[in-house]
Amino acid sequence: MQDFIVKGPLGEIECVVESNRSNSNVVLIMSHGFRGSRESSGYAKGYAVKAAACCDVVRYNFTGTTKLSTQISELKAVVAGVRKIKPGCKIFLLGRSMGSATTMLYAREDKDISGIVLWSAPNDLGEALIHVMSQEYYDKLLRGETLHLKDERGECDITPDFLTDYDGLKLPDAYKHWDGRPVLLFHCEADDQVPVHQARENVLTLGDCCESYIWPGGSHSIAEYSEEAGDILAAWLKKNI
């Protein structure tokens, strides 16, 4: 499998592939988090290389900082592109942070997804956003104001419908009504963006289908445990193929 481009709801989406080093017909699609990218500060490539021991790995960028429903539509376009290129393949999804919400909500509807990986995953995106952007900025969104953010990733506007869109998708219900397909969950106790109590709630709600790793200390990126996490990811994929 080689790099490819799909047409998404907002334009073309470039997909970067780490080629499968086995003969399995399996693909892992990775979705990044809020204000992130397919590179994830360089860590995503390392995870992709490890996972490629048993499957093709696809990474892509969401088109800017968009509503969750738009991200779901973009993931849908990438999944469709993969199925066109590799008919009959098994597909697993990995989401980091807000990308985990996208992953969970998409997979809830697409029953042909074989399993998902939730990486620093929220079940209450509103609480997570308060930690990311501050209570002051979150309250501005609630009041109907548009936020203009400027950081190391550039500039973007976040409109109030970012919150109403998320509320309408009912992320907690997706966890409560998950159908038992395999889930791998990673989190760190000292995550300062998605509080660890959300991870523990996710594990409890998902039940026996969820294999979880919650490390002491650490950060939202799980950089401190990247080697271990990559090995666990590869082993989990191999077990569930």
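This is a predicted model: local features need pLDDT of at least 70, side-chain atom pairs count only at pLDDT 80 or more; totals for chains, interfaces and linings use all residues.
## Charge and basis of the model

Residues are numbered from 1 along each chain as its sequence is written, and side-chain values use heavy atoms, with hydrogens and water left out.

## Overall fold

The protein contains 9 helices and 10 strands, where helices (H or I, at least four residues) and strands (E, at least two) are DSSP runs numbered from the N terminus. Its radius of gyration is 17 Å, close to the 18 Å that the globule rule gives for 241 residues, so the protein is as compact as a globular protein of that length; the radius is taken over C-alpha atoms, and the rule is 2.2 Å times the number of residues to the power 0.38. Along the principal axes, the C-alpha atoms fill a box of roughly 55 × 40 × 35 Å.

Of the 241 residues, 54% count as buried, a term that means under 20% relative accessible area, with exposed set at over 50% and partly exposed in between (1.4 Å probe, protein chains only). The protein exposes about 10500 Å², of which carbon and sulfur atoms supply 49%; these areas come from the Shrake-Rupley method with a 1.4 Å probe. Among contacts (heavy atoms within 4.5 Å) with a separation of 6 or more, 73% are between residues 24 or more positions apart.

Ser31 belongs to strand 3, which covers residues 26–31, and Ser31 counts as buried because its relative accessibility is 1%. When residues up to four places away in sequence are not counted, Ser31 touches Tyr60, Phe62, Leu75, Leu94, Gly95, Arg96, Gly99 and Thr103.

Val183 is in strand 9 (residues 183–188) and is likewise buried, with a relative accessible area of 0%. The residues that Val183 touches, again not counting those up to four places away in sequence, include Ile116, Leu118, Trp178 and Trp236, together with Cys209 and Cys210. Val183 and Val27 are 156 residues apart in sequence, and their C-alpha atoms are 16 Å apart in space.

## Cysteines

A disulfide is defined as a pair of cysteine sulfur atoms within 2.5 Å, and by this rule the count comes to 0. The sulfur of Cys55 has its closest cysteine sulfur in Cys54, at 4.6 Å, which is too far for a bond; Cys55 is buried, with a relative accessible area of 0%. For Cys89 the closest cysteine sulfur is that of Cys55, at 10 Å, again too far for a bond, and Cys89 counts as buried at 12% relative accessibility.

## Positive phi in two loops

Arg35, although not a glycine, has a positive phi of about 60 degrees. This residue is placed in the loop between strand 3 and helix 1 (43–51), and Arg35 is buried, with a relative accessible area of 12%.

Ser120, also a residue other than glycine, has a positive phi near 55 degrees. The loop that holds Ser120 runs between strand 6 (113–119) and helix 4 (125–133), and Ser120 is buried, its relative accessible area being 1%.
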